[in-house]
Amino acid sequence: MISTEKLRQPAVRAFIDSLNARDERAFAEAVNEKFIYTCGEEEGDAAGFYTAHIQFVVTDQSSDGYTLTGVMLKADDEVAARLTFVPAGYVSVGKLDISTDVEIPSDSFIDALAHLGGGRAEPKPAAGTLRRLKLGDHYFVHRWGRGGMGGADWINTGEKAPDPDVYQSFHSPAHGEQTDEVRVSRVVSRLSVDLGWDGTYQKATARFHARLSFWEAVAWFSEKYRLAGDSIPKVTGTLTLTGPPTLTVPEGTVISTEKITVPGGKPPYPIDFTREFPLTGLPLGTYTLTLANAVKTGGYWTSKYNTTVALRDHTISFTVGG
């Protein structure tokens, strides 16, 4: 076995070190953005290589340091292999050719097998259940779970995540909008949750929007008149994020709860608010966001009629971690 400290080329050393440590961020830095690999008829990019090839123990290297021979752990199989690197700059790899039509001395093979799984960097503690990391030209979703070497690790799911702000969206109601009204006042509303990315890790962004209108003569009109005092429309309610049920808390642990009061700004007095919920460190499971006991007060007919509208609860369930 040859330790990586003795590898002659910095780009090759960085590549092998990042692979053996299962450090995907370091791996992404060790390969060029246009990195490709070939293995017989198989070929692919950085994401395809990293997910399939777990570890490589070096038993020999060429005089120029760009060809390594050793034993590779691929899809849980130990395979003798020769890696030929094409550099892209001083510390990155642009292309890798893999040959498995290789014979190495039996004592070298046995020695390499003893080191497969060794020298692995300890994974960092989980900080969120999903991450968004770049490999090559694309961003991919990674899930914290059991890695190929048996330890906890960030696993590339193969799912692309091109949008830095929105990964998944959920709505209440699921389609269209919800209408609540009394005789002369109407509220048309929708609650949404966007699962996106706070840099690397997940976050949830809740958005509420409501359109207000009043009845006059034969039709509904938006709140087009300038109002003052108690006539200015507002919505109050309670916004609560609840975690997945457990044996001790079957109804789910409350992650966050907030009393909200949101006035309309100016005609037609739309009601809008946004709240962000970091998901870092939360366990895998189904979470529920509820806007409960919401009430709209104020409006054009406030001085003459009852314009208080009780909104039916908005509820959205979504899964943290997938």
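How do strand β4 and strand β5 pair, parallel or antiparallel, and over how many bridges? In this predicted model, β4 (residues 67–74) and β5 (residues 77–87) run antiparallel to each other, with 8 bridges between them.

- Six strands make up an open sheet, and reading across it you get β2-β1-β6-β5-β4-β3, with mixed pairing.
- The edge positions go to β2 (42–44) and β3 (53–61); each has a single partner strand, so one side of each has no neighbour in the sheet.
- From one strand to the next, the twist averages 25 degrees.
- As background, strands in a sheet pair through backbone hydrogen bonds, either parallel or antiparallel.

**Helix α1**

- Helix α1 (residues 10–21) packs on this sheet and touches β1 (31–39), β3, β4, β5 and β6 (93–99).
- The direction of α1 makes about 140 degrees with that of β3.
- The length of α1 checks out: at 1.5 Å a residue, its 12 residues should span 16 Å, and the end C-alpha atoms are 16 Å apart.
- The buried residues of α1 are Pro10, Ala11, Val12, Phe15, Ile16, Ser18, Leu19 and Asn20.

**Aromatic rings**

- The structure has 19 aromatic pairs.
- In one of them, phenylalanine 15 and phenylalanine 35 are tilted, at 6.1 Å centre to centre with 40 degrees between the planes.
- That pair ties together distant parts of the chain, since phenylalanine 15 belongs to helix α1 and phenylalanine 35 to strand β1, 20 residues apart.
- Phenylalanine 49 has 0% relative accessibility, so it counts as buried.
- Phe15, Phe35 and Phe49 belong to one aromatic cluster together with Phe27, Tyr37, Tyr50 and Phe85.

**Nonpolar cores**

- The largest nonpolar core has 30 residues, and the ones with the most contacts inside it are Val193, Phe208, Leu289 and Phe318.
- Two or more residues of this core come from each of β12 (185–198), β13 (201–216), β15 (234–242), β16 (254–263), β17 (271–278), β18 (285–297) and β20 (314–320).
- The largest share, 5 residues, is from β13.
- Beyond its neighbours within four places in sequence, valine 193 is in contact with Gln168, Ser169, Phe170, Ala204, Thr205, Ala206, Leu289, Ile316 and Phe318.
- Another core lies apart from this one; it has 28 residues, including Ile16, Leu83, Phe85 and Leu135.

**Threonine 290**

- Threonine 290 is part of strand β18.
- Threonine 290 is at 19% relative accessibility and counts as buried, because the cut-off is under 20%.
- Leaving out residues up to four places away in sequence, threonine 290 touches Thr238, Leu239, Thr240, His314 and Thr315.

Note on methods:
Residues numbered from 1 in each chain as written. Predicted model: local features only at pLDDT ≥ 70, side-chain atom pairs only at ≥ 80, totals over all residues. Heavy atoms only, no water. Pairing = 2+ DSSP bridges. Helix = DSSP H or I, 4+ residues; strand = E, 2+ residues; numbered from the N terminus. Axes fitted to C-alpha atoms, helices over the stretch in contact; angles between N-to-C directions. Contact = heavy atoms within 4.5 Å. Core = buried A, V, L, I, M, F, W, Y, C linked by side-chain atoms within 4.5 Å. Buried < 20%, exposed > 50% of the residue type's maximum accessible area, 1.4 Å probe, protein only. Expected span 1.5 Å × (residues − 1). Phe/Tyr/Trp six-rings, centres within 6.5 Å; stacked < 30°, edge-to-face > 60°.
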